[in-house]
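Hello,

I am handing over the structure below, with notes on what was found in it. Please read them with the structure open.

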Amino acid sequence: MTSALSAGVIPAAGSGERLGAKRPKALVKVGGCTLIYRAASKLSKVVDEIVVAAPVGYEAKIAKSLRKLSVPVVVITGGRSRTESVSLALGQLTPGIRYVLIHDAARAFAPISLIRKVLQMLQGGENAVVPAIAVTDTIKIVDENEHVQSTVNRESLRAVQTPQGFARALIDRAHEEARLNELIGTDDASLVEMLGATVLIIPGDERARKITTASDLLHYRNLKQKMKQNVKRSDSKGGKV
Ligand code: CTP
Ligand code: MG
């Protein structure tokens with residue numbers, strides 16, 4: 001019997017326009033490590049292989065930075081949209097892969113426990129699993145003049161995160177359909193939804209928040225700094241005992 005293998009697909013090819021850094025967002029560092037390294041190293045603890053969609057010109061640099069991970073890593077050139085980047089990466093998976101976890105490099109601090117949970121749900125028979133958190137702001141729909149049209153019932157809203165997990169056959173089919181119909185989604189589950197398949201939401205994690213703007217980056221840099229200081233403090237305490 002062949003065991004059911006899993007893969008991680010990391011779309012990391014974006015330019016990070018809203019972040020406004022000097023380099024593509026995946027190459028930005030927090031606490032001495034790039035976002036792509038952080039995302040890939042966590043995934044590598046759970047899946048059997050990883051495919052990264054990299055920004056043009058950064059493929060070799062990223063491949064080099066990931067060469068010591070415990071699973072095989074393939075780095076390809078990404079596409080013009082996130083959907084295209086994922087689609088190209090899916091095309092590189094080895095034949096034995098049965099489960100695929102698609103994880104944004106920009107959600108570099110998603111904990112291993114969340115990644116593991118998504119895979120476990122797939123292994124338990126789910127075909128599409130998406131972590132999400134409840135929306136706490138009130139959301140309004142506006143017209144082109146910024147006049148409010150209506151207020152959405154917050155109870156049924158979820159802000160989705162990654163990793164999003166899928167049965168390989170389903171996500172391949174969803175991306176194939178998207179390609180044929182020239183559809184682009186801001187996540188992968190939306191492509192699966194278009195096929196009419198059921199997508200299960202599971203509890204997400206604050207740490208899986210996406211780094212989009214400079215203030216998101218600052219939040220994680222401050223967090224890392226605090227953690228470092230706490231370690232130093234407990235080390236020095238330890239020294240005195
Ligand atoms: N992504 C990708 N290929 C693209 C565009 C985005 O692989 N053509 C990836 C990004 O690298 C990121 C994830 O998709 O890890 C989520 O996208 P987003 O947060 O929007 O990142 P960017 O597109 O880089 O940022 P921006 O939209 O501000 O330019
Ligand atoms: Mg983008």
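The buried residues of helix H4 (residues 112–123) are covered by elements that include strand S1, helix H1 (35–43), strand S6, strand S7 (128–134) and strand S11 (164–167). Please bear in mind that this is a predicted model.

The buried residues of H4 are Leu114, Ile115, Val118, Leu119 and Leu122. They lie on the same side of H4, because the arc they cover around the axis is only 135°.

After H4 comes Gly125, which has a positive phi, near 115°.

Next, S1, one of the elements that cover H4. This strand takes in residues 5–11 and is largely enclosed by the rest of the structure, because six of its seven residues are buried. S1 pairs with two strands that I can point to. With S6 (residues 97–102) the pairing is parallel and has five bridges, and Val9 faces Ile102 there. S1 and S4 (residues 49–54) also run parallel, joined by five bridges; here Val51 of S4 is opposite Val9.

Last, the ligand. Around ligand 1 there are 23 residues, and those that come nearest are Pro11, Gly14, Glu17, Arg18 and Ser85. By type, the shell consists of eight nonpolar, eight polar and seven charged residues.

Regards

Terms used: Residues are numbered from 1 along each chain as its sequence is written. Chains are lettered from A and ligands numbered from 1 in the order in which they are written. This is a predicted model: local features need pLDDT of at least 70, side-chain atom pairs count only at pLDDT 80 or more; totals for chains, interfaces and linings use all residues. A residue is near a molecule or strand if its C-beta atom, placed from the backbone, lies within 6 Å of it. Ala, Val, Leu, Ile, Met, Phe, Trp, Tyr, Cys and Pro count as nonpolar, Asp, Glu, Lys and Arg as charged, and the others, Gly among them, as polar. A residue is buried if 20 or more other C-beta atoms lie within 10 Å of its own, exposed if 12 or fewer, and partly exposed in between; C-beta atoms are placed from the backbone. Helices (H or I, at least four residues) and strands (E, at least two) are DSSP runs, numbered from the N terminus. Two strands pair if DSSP finds at least two bridges between them. The expected span of a helix is 1.5 Å times one less than its number of residues. The arc is that of the directions from the helix axis to the C-beta atoms. Two residues are in contact if their C-beta atoms, placed from the backbone, lie within 7 Å.
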